[in-house]
Amino acid sequence: MTILLGSIADDYTGASDLANTLTKNGLATVQTVGIPDPSLALPDVDAVVVSLKIRSVPADEAVVAAGQAERWLRDHGAGHVLYKICSTFDSTDAGNIGPVTEALSTAAGGGVVLVTPAFPETGRTVYLGHLFVGTEPLNESPLKDHPLNPMHDANLVRVMARQSRGRIGLVDLATVSAGAPAVRARLDKLRAEGVTAAIADAIFERDLEILGEAALETPVSTAASGLGLGLARALVRSGRVPPKATAAADAIRPVGGHAAIIAGSCSRATLRQLAVAEQSMPVLRLDPEKLLTAAPDEISAALSWAGERMDAGPIIIAASATPEAVSRLQSRYGREISGRAIEAATSAIAAELVARGVRRLVVAGGETSGAVVDQLGIPAFLIGPEIAPGVPVLRTIGNPQGDMLLALKSGNFGGEDFFAAALSVMH
Ligand SMILES: Nc1ncnc2c1ncn2[C@@H]1O[C@H](COP(=O)(O)OP(=O)(O)O)[C@@H](O)[C@H]1O
Ligand SMILES: O=C(O)[C@@H](O)C(=O)COP(=O)(O)O
C-alpha cells in the first residue's frame, strides 16, 4: 500500500472526523487504531488516519507515540503528515500540540509548520490567531468548562507558545486571502526570523483551500479537519489521486444485532442531545460518584437495566453531567482520577453490551470513544456516510467480535436529534 497523505489523530473521534473530511473531498481513506499490525488486511487507500489516544497524556508520551506513527506513515509513502488536533484546540499549558508539532517537524527536517484548528463547517474560525467557536471566543465558549482540557485563552499564538520551545508566528487573514504564494512567502519570512510554527487564520473554506495548497509543499502540518479539506482538494487538483470505486455503500451494509449509545461527554451539545433522546428512548443516567467508589455494583446494575430493555430497541447509558456536577466530583476526587475511572466504567459497560449482542454502537465523547474502542480491540475502520458534520458511520475492519457499525461523536458535534439520526442509518 502506498499512501499520499498520512495523519496522526490525537483522539479517535477526531480521527473519524478527519477521515470523513478526507473521504468527502476525494481521498479513499481508512482509520486505523494505532499503528496497524502487518497482518491486518487494509483496503487500497490514498490516506491513512492513525488514531492515537494522546490528547490528554503527558507530552513526552505523546511525542513518542506520534513519532512511531509518523515513521509508519512515511514508510508507507506519505509525503505529508497532518497532526490532527481538536478544532477547539483542547490542551492544557502542559499539553502536547507544541511538543508533537516540534518533534514531527524535526523528524522531517525542520521548517515552519502551519497550524490551524479552523473548521468553518462546525463554526470554528480563526482570526488574528484568535479561535472562535460559533460567535464566541474560545475562552467564553462551553470549552471553558471542559472536564479535562478547560480552555481559558482564545489567542492560539500565546497558547501554542506556552507549550513550545520554538517561536510561534502568525499567518494572518490578509496574507491567506492573497493566495498560496503569499502564504509561502510569509512562511519563508517567518523561518528566517527563527519561527518554528505559525497559527494560520481561516474563516471560509476558500482560506483552507489556499492553506492546504501551501501546506502540501511542506512535510508536516498541525490542524483540525478544515485543513484536511484543503489538503485533500489540493491533492485531487494535482492529479495525483488515482480513481477508485467509492467504499461508502460497502461500509454501510447492515450488521443487525442490538443498538446502544454510550455517553461520557459532558459538552453542552451532548447534554442537549441526551435530553432530546430521553423523549423517545430509554436513558440510564449513571451515578458518577458510584463509578468512582463502587464501580462493579454500578456497572452490573447498568447491565441488568440494559438487559431488560435491549430486545425492545436502542438504549442509552450516560455518565454525562452538568459543568457544576463535574466540578463538584473533580474537586472531591481529582480531575484525572474522575475522568479515567468514568472512562474505565463506560468502556467496561460497552464491552459487556457487545458481548451480549450489541452490533451498532454510538459513543459520545473523544476520550470515552478511545476507551471504548480500545476495550473492544477494534483495529481499524472503513468510512461510511456522514451523519452530521464531523461524524461518519464507521464499519469495523478485522474486529474480533465480527462486523459492527459505530459512530464516534465528538462531544461538541451533531444537532439535537443526533442520536436518532445516527441510528436511522445504522442497520
Ligand atoms: N459526570 C462526570 N463527572 C466528571 N467527569 C466525567 C463525568 N462524565 C464523564 N466524565 C469524563 O469527562 C471526560 C469527557 O471527555 P470526552 O469523552 O473526550 O468528551 P468530549 O468529546 O466532550 O471532550 C471523560 O474523561 C469522561 O470520563
Ligand atoms: O476537531 C474536532 O473538533 C473534533 O474532531 C475533535 O477532535 C473533538 O474532540 P472530542 O470532543 O474530545 O471528541
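Q: Before we start, what does "buried" mean here?
A: A residue is buried when its relative accessible area is under 20%; over 50% is exposed, and anything in between is partly exposed. Keep in mind that we're looking at a predicted model.

Q: Where does valine 363 lie?
A: It's part of strand 15, which covers residues 358–364.

Q: And what does valine 363 touch?
A: Leaving out residues up to four places away in sequence, valine 363 touches Ile262, Thr368, Ser369, Val372, Ala407, Leu408 and Lys409.

Q: Does serine 410 do anything with a ligand, or rather, what is its side chain 3.1 Å from?
A: An N or O atom of the serine 410 side chain sits 3.1 Å from an oxygen atom of ligand 2. The protein covers 96% of the 350 Å² of accessible area that ligand 2 has on its own.

Q: Which residues are closest to ligand 2?
A: There are 13 residues surrounding ligand 2, and the closest are Thr13, Asp17, Arg55, Lys84 and Ser87. Take aspartate 17: one of its polar side-chain atoms is 2.6 Å from a ligand 2 oxygen. Backbone atoms come in as well, with a polar one of glycine 366 lying 3.2 Å from an oxygen of ligand 2.

Q: OK, over to ligand 1. How many residues are around it, and which come nearest?
A: Ligand 1 has 20 residues around it, and His146, Ser265, Glu343, Glu367 and Thr368 come nearest.

Q: Which atom of threonine 368 is 2.7 Å from ligand 1?
A: An N or O atom in the threonine 368 side chain, which is 2.7 Å from an oxygen of ligand 1. For glutamate 367, a backbone N or O atom lies 2.7 Å from a ligand 1 oxygen. Glycine 339 also has a backbone N or O atom 2.9 Å from an oxygen of ligand 1. As for cover, the protein takes up 96% of the 570 Å² of accessible area that ligand 1 has on its own.

Q: New topic: what does UniProt say about residues 260–419?
A: An unreviewed UniProt entry places "domain: Four-carbon acid sugar kinase nucleotide binding" there. In the model, that stretch is 46% helix and 24% strand, and its end C-alpha atoms are 10 Å apart.

Q: Let's talk about helix 8. How many residues does it have?
A: Helix 8 has 13 residues, 225–237, and reaches 18 Å from first C-alpha to last, close to the 18 Å expected.

Q: How many of those are buried?
A: 10 of the 13, so helix 8 is mostly covered, given that buried means under 20% relative accessible area. Among them are Ser225, Gly226, Leu227 and Leu235.

Q: What do the buried ones pack against?
A: Quite a list: strand 1 (5–9), helix 1 (12–24), strand 4 (80–84), strand 5 (113–116), helix 7 (205–216) and strand 11 (220–223). Just after helix 8, glycine 239 takes a positive phi of about 80°.

Q: Which residue other than glycine has a positive phi near 50°?
A: Leucine 128. You'll find it in the loop between strand 6 (124–127) and strand 7 (130–133), and at 41% relative accessibility it counts as partly exposed. Phenylalanine 89 isn't a glycine either, and has a positive phi of about 55°. Phenylalanine 89 is in the loop between strand 4 and helix 3 (97–107), and is buried at 0% relative accessibility.

Q: Last one: where is glutamine 273, and what does it touch?
A: Glutamine 273 is in helix 10, residues 268–277, and is buried at 0% relative accessible area. Not counting residues up to four places away in sequence, its contacts include Lys409, Phe413 and Gly415. A polar atom of the glutamine 273 side chain lies 3.0 Å from the backbone oxygen of glycine 415.

Conventions: Residues are numbered from 1 along each chain as its sequence is written. Chains are lettered from A and ligands numbered from 1 in the order in which they are written. This is a predicted model: local features need pLDDT of at least 70, side-chain atom pairs count only at pLDDT 80 or more; totals for chains, interfaces and linings use all residues. Side-chain values use heavy atoms; hydrogens and water are left out. Helices (H or I, at least four residues) and strands (E, at least two) are DSSP runs, numbered from the N terminus. The expected span of a helix is 1.5 Å times one less than its number of residues. Buried means under 20% relative accessible area, exposed over 50%, partly exposed in between (1.4 Å probe, protein chains only). Contact means heavy atoms within 4.5 Å. A residue is near a molecule or strand if one of its heavy atoms lies within 4 Å of it. A polar contact is a pair of N or O atoms within 3.5 Å; within protein, one must be able to donate a hydrogen and the other to accept it, and residues adjacent in sequence count only if both atoms are side-chain atoms. Accessible areas come from the Shrake-Rupley method with a 1.4 Å probe; for residues, only the protein chains shown count as cover. UniProt positions are given in the numbering used here, feature names are shortened, and annotations may be inferred rather than shown by experiment.
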